[in-house]
Amino acid sequence: MVERGLAENIDLFLFCGDAYRTAAPTPTQQNIFAECLKPLADHGIPMALVTGNHDHPVSFGKATSIDIFRHLSGDVRVYRRPELDIIETRDGPLQLVAMPWPVRSMLLFGREWQKKSPADLCVAIEEKYVTRVAQLALQLKPTIPSVLAGHFSVQGSLLAGSERTSVIAKEPQFTPLQLAVPPIDYVALGHIHHHQNCALDPDATPIVYSGSIERVTFREQNEPKGFVIVTIEGDPKRTTFEFVETPARRFVSLHVDVRTSINPTEAILDRIARARVEEAIVRLRFQITEPQRAALDIQAIRQALGNAFAVASIERDMEAAEHERRTEVTRESSLKDALRGYISQHENLKPIANELVQKALELEALAERAQHSDS
């Protein structure tokens with residue numbers, strides 16, 4: 001993404017939140033991100049970073065995971081609160097309306113909010129953000145390009161496979177018309193991983209989720225990933241954007257049913273060989289029966305997955321063998337009951353069950369008479 005930006009000689013690098021999975025990244029993760037951004041700073045390209053919900057710490061007063069990048073050389077700006085900023089680029093000024101993830105403690109404070117329900121708090125946050133966008137839009141100069149950069153949900157947006165609908169539904173959500181307030185030329189959004197334009201009309205101001213540049217879970221294994229290049233030009237101004245797909249790492253999910261296979265290991269190895277697992281993140285699930293377990297060579301399966309980037313899991317779904325139910329015979333069981341229980345488990349004996357029972361009872365009677373004669 002940075003290489004394409006340098007090739008295009010971009011005026012601004014805009015990052016709309018969620019640099020890491022948590023607000024406490026490791027030093028290695030921070031170092032990698034800094035190395036990626038450094039070429040932009042070296043070429044004098046301004047960078048604007050808006051904090052997302054994954055960037056923001058839970059504890060009040062702590063720095064976000066991206067605050068440190070303000071100390072990079074060059075023009076690097078991090079936005080934690082809603083504000084209007086003027087960024088000087090090589091092609092002129094850009095008006096940026098920064099609307100980071102709405103943090104409740106920054107928007108709603110005081111005892112009056114302590115006993116409010118989550119639904120009431122969500123509505124209050126939405127109202128404050130909508131009001132703030134309208135206020136900042138009034139300060140914009142129509143002749144200068146303007147962008148709203150935010151991190152939140154838009155009503156009607158499509159979720160990526162990894163995102164939980166139940167969680168998104170409880171967050172503050174905004175309508176397209178509440179964001180694309182004139183004279184805003186483009187709305188750039190983070191938070192939802194699926195790339196899309198949420199504008200109600202193709203000719204309306206674009207309201208675009210760039211989406212994530214990498215896959216996060218197996219639920220996103222078939223989704224294209226990438227970033228967006230935006231152009232605002234002309235008088236009157238005209239906005240266009242291009243989605244650029246990134247070579248995101250492949251996620252490969254394999255499912256094999258070997259319950260009827262004579263050689264379950266070979267069947268699983270054959271499935272792995274037919275899949276492209278090289279440099280992919282792989283999850284393997286296979287179904288076997290309990291008697292097949294002894295013939296399964298897990299070590300050979302792991303070796304076959306050796307050229308994968310990572311093996312997320314090897315999951316075995318084992319079908320328990322059906323054990324024949326044996327008749328329980330106790331000291332109190334009569335010969336008749338014990339024999340009928342035995343016959344019930346042998347299909348070949350059921351047609352002659354009555355005859356067998358009768359003969360057994362006759363033998364029992366003879367044995368009892370013989371015993372009495374001896375005594």
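The report below goes from overall composition to sheets, core and salt bridges.

## Basis and overall composition

This is a predicted model, in which local features need pLDDT of at least 70 and side-chain atom pairs count only at pLDDT 80 or more, while totals for chains, interfaces and linings use all residues. Residues are numbered from 1 along each chain as its sequence is written, and side-chain values use heavy atoms, with hydrogens and water left out.

The secondary structure of the protein comes to ten helices and 16 strands, where helices (H or I, at least four residues) and strands (E, at least two) are DSSP runs numbered from the N terminus. Of its 375 residues, 40% count as buried; buried means under 20% relative accessible area, exposed over 50%, and partly exposed in between (1.4 Å probe, protein chains only). The protein exposes about 22,200 Å², of which carbon and sulfur atoms supply 51%, with accessible areas taken from the Shrake-Rupley method with a 1.4 Å probe and, for residues, only the protein chains shown counting as cover. Among contacts (heavy atoms within 4.5 Å) between residues at least 6 apart in sequence, 63% join residues at least 24 apart.

## The six-stranded sheet

An open sheet of six strands has the order β4-β5-β6-β9-β11-β10, with mixed pairing; two strands pair if DSSP finds at least two bridges between them. Because β4 (83–89) and β10 (196–197) stand at the edges, each with a single partner strand, one side of each is left without a neighbour in the sheet. Strands β4 and β5 pair in the antiparallel sense over seven bridges, and Ile 87 stands opposite Leu 94 in β5. Helix α4 packs on this sheet, touching β4, β5 and β6 (146–151), and its direction makes about 165° with that of β5; axes are lines fitted to C-alpha atoms, for helices over the stretch in contact, and angles run from 0 to 180 degrees between N-to-C directions.

## The largest nonpolar core

The largest nonpolar core has 21 residues, and those with the most contacts inside it include Met 99, Leu 148, Phe 152 and Ile 207; such a core is a set of buried Ala, Val, Leu, Ile, Met, Phe, Trp, Tyr and Cys residues joined through side-chain atoms within 4.5 Å. At least two residues of this core come from each of β5 (92–99), α4 (118–138), β9 (186–190) and β11 (207–209), and α4 gives the most, with four residues. Leaving aside neighbours within four places in sequence, the contacts of Ile 207 include Pro 176, Leu 179, Val 187 and Leu 189.

## The three-stranded sheet

Three strands form an open sheet in the order β14-β15-β16 with parallel pairing, and its edge strands, β14 (251–257) and β16 (310–319), each pair on one side only. Strand β15 (residues 281–289) is joined to β16 by nine bridges, and Thr 289 stands opposite Glu 319 in β16. Helix α7 (residues 264–274) packs on the sheet, touching β14 and β15, with its direction at about 150° to that of β14.

## Salt bridges

The count comes to 14 salt bridges, each defined as a side-chain nitrogen of Lys or Arg within 4 Å of a carboxyl oxygen of Asp or Glu. Asp 85, which counts as buried at 15% relative accessibility, meets Arg 77 in a salt bridge (2.7 Å, N to O).

Lys 225 forms a salt bridge with Glu 223, the closest N and O atoms being 3.4 Å apart; Lys 225 counts as buried at 1% relative accessibility, and Glu 223 is buried at 14%. Elsewhere, salt bridges that share partners join Arg 4, Glu 8 and Glu 242 into one network.
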